[in-house]
Amino acid sequence: MKKMKGSEALLEALINEGVDTIFGYPGGQIIPVYDALYNYTEGKNRRLRHVLVRHEQAATHAAEGYSRVSGKVGVCLVTSGPGATNTITGIGDAMIDSTPIVVITGQVVSSLLGTDAFQEIDVVGITQPITKWAYQIRRPEDIAWAVARAFYIASSGRPGPVVLDFTKDAQVAMVDYEPVKCDFIRSYIPASKPEDDAVCKAAELIGSAQKPFALVGQGVILGNAEKELMAFLEKADIPAGYTLLGESAMPTDFRLNKGFLGMHGNIGPNMKTNECDVLIAIGMRFDDRVTSNLNTYAKQAKIVHLDIDASELGKNVPIDVPVLGDVKHSLPAITEKLQPAKHTEWIRSFDEHDKREYDEVIAPEVFPQSGYLKMGEVVNCVSEAVNHDAVLVTDVGQNQMMAARYFKFKRSRSVVTSGGLGTMGYGLPAAIGAKIACPERTVCFFTGDGGIQMTVQELGTILQERTGVKIILLNNNWLGMVRQWQELFYDECYSQTRMINPDFMQLAQSYGIASRLVSERSELKDAVADMLKDDKPYLLVVNVEEENMVFPMVPPGHTITDITTKK
């Protein structure tokens, strides 16, 4: 035991959990923690890195990006009132995308709670619906316990965000600090052991399939079950598609990887979902962007669903064999019971769809012979330049879908994007967090002219931290995805989607970031090489075709086989 202030005890507790980086923004009700933090971030005794963001929302997204590529819990630290409420979007984003972060908010002294004091807000009440746990620390004696519990809850089971609201009097009071570890909470079961009966039924059904198809979600990545997935698919010879957040769980060139599922996914995986006889969903939640019309989704198939969250089993799609548990354990248990199989003709049947998509979509998008630059060709050019071995970060919109379709991967934890909440502005701070987590990796951030301006102030964080993020701005002077829907479904009524943009290169220059503008196809390859020549931050502005649209597309509310390749 060592006597110290509550603020110092908080930092010691974070270090005890393996924290090395905090994303934050100081303010009145969290000043005692920042005062203590000085002795942890400066000089020879530096034990923590604090990244000063320019907005509290960015702190949460940076923590998300840090977590997604590192596999660790991201941490952010903000003040009370507006500082706390500014984190709500990021907390919600982390909740729906199962990203483990711990958000620590300052709070007024306990005696003022409920009095509408300056910058008082009910943080616990606001965040309870969008967190795994939200707790207010009012006594310094509870700090070590609360932090240990927060990290255990955030990182175990189906991961997610936790909020700790820290009153100012608890920050300044003295306490005998002693480290605490938490690996058990009564009534909280983070992951059930897969039941033998469910495993046997799943193996029997999969083993009898003539046309099996696997849907790979982020649960494989969160469970560190990539090797187990590959062993399962190889032994049973099962083709697989991936969700947006499941991308990079399999190498792009893996022979059984048949591509991207959903609204803007590949034709083959969508068509075969409604043709297979056994559908195996692995760590995914049957999101509406994957299933489209549930009334016509995979009605011909028997469905096996592996998931760690019992609430997801049967929530959207009726399940024949639910397998509750961590896929790290349930996948090898099923694999062990399977006999080696071959589904050569079934796998080959994807080829006709691949050819159609290449001829009608990929070739015109990625390898155009004339006209304006296309988003897809820019993504492909960057992917090839990094030898398909970089971290992809995206914002939300057309840039996100184009990047998901045309960027390629060799290893896992290489995709950072806002999936369930679809948060514009997510990408820039998330890219900063990703680069800080893995400084040895190249981080390529694709964004649009709309999304980047939602958190453009984080160029200041890059300026201060010298974070070597490579920003590829696909500039079409529109809110592109909304414009696409307006053209296709709203009689070309382009209401409030035209963008009058700043000079992005002058903006980058003001933040000390090197930049280059590309408008001609002949300049692209050289510009990408210039961007990647060192590990410094860089903004590549590429003027792309304004009417460029993302295809294929399943129109909203349609059957997934209604996928179209043109307007």
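**Pocket and cavities**

I began with the second largest pocket and sorted its lining by class: 9 residues are nonpolar, 5 polar and 7 charged. I kept in mind that the model is predicted.

Next I looked up the size of that pocket, and its volume is about 490 Å³. Its lining has 21 residues, and those closest to the centre are Thr 252, Asn 266, Ile 362, Arg 405 and Lys 408.

Which element gives the largest share of the lining of this pocket? I found that α16 does, with 5 residues. At least two lining residues come from each of β11 (257-260), α16 (351-366) and α18 (398-406). I then checked domains: domain 2 (196-351) and domain 3 (373-543) each supply at least three residues of the lining.

Rolling a probe the size of a water molecule over the atoms shows where empty space is left. I noted 2 cavities of 30 Å³ or more.

The largest cavity has a volume of about 70 Å³. I listed its lining as Arg 68, Gln 218, Ile 221, Leu 222, Leu 245, Arg 413 and Val 415. Sorted by class, that makes 4 nonpolar, 1 polar and 2 charged residues.

For the second largest cavity I wrote down a volume of about 30 Å³. Ile 452, Val 456, Leu 459, Ile 471, Phe 504, Leu 507 and Leu 539 line this cavity. What classes do these residues fall into? I counted 7 nonpolar, no polar and no charged residues.

Methods:
Residues are numbered from 1 along each chain as its sequence is written. This is a predicted model: local features need pLDDT of at least 70, side-chain atom pairs count only at pLDDT 80 or more; totals for chains, interfaces and linings use all residues. Side-chain values use heavy atoms; hydrogens and water are left out. On a 1 Å grid over the protein atoms alone, a cavity is a set of points where a 1.4 Å probe fits but cannot get out, and a pocket is an open set with protein on both sides within 12 Å along at least five of seven lines; lining residues have an atom within 4 Å of a point. Grid points are joined across faces, edges and corners, and a volume is the space filled by probe spheres set on the points. Ala, Val, Leu, Ile, Met, Phe, Trp, Tyr, Cys and Pro count as nonpolar, Asp, Glu, Lys and Arg as charged, and the others, Gly among them, as polar. Helices (H or I, at least four residues) and strands (E, at least two) are DSSP runs, numbered from the N terminus. Domain bounds come from an automatic or database domain assignment.
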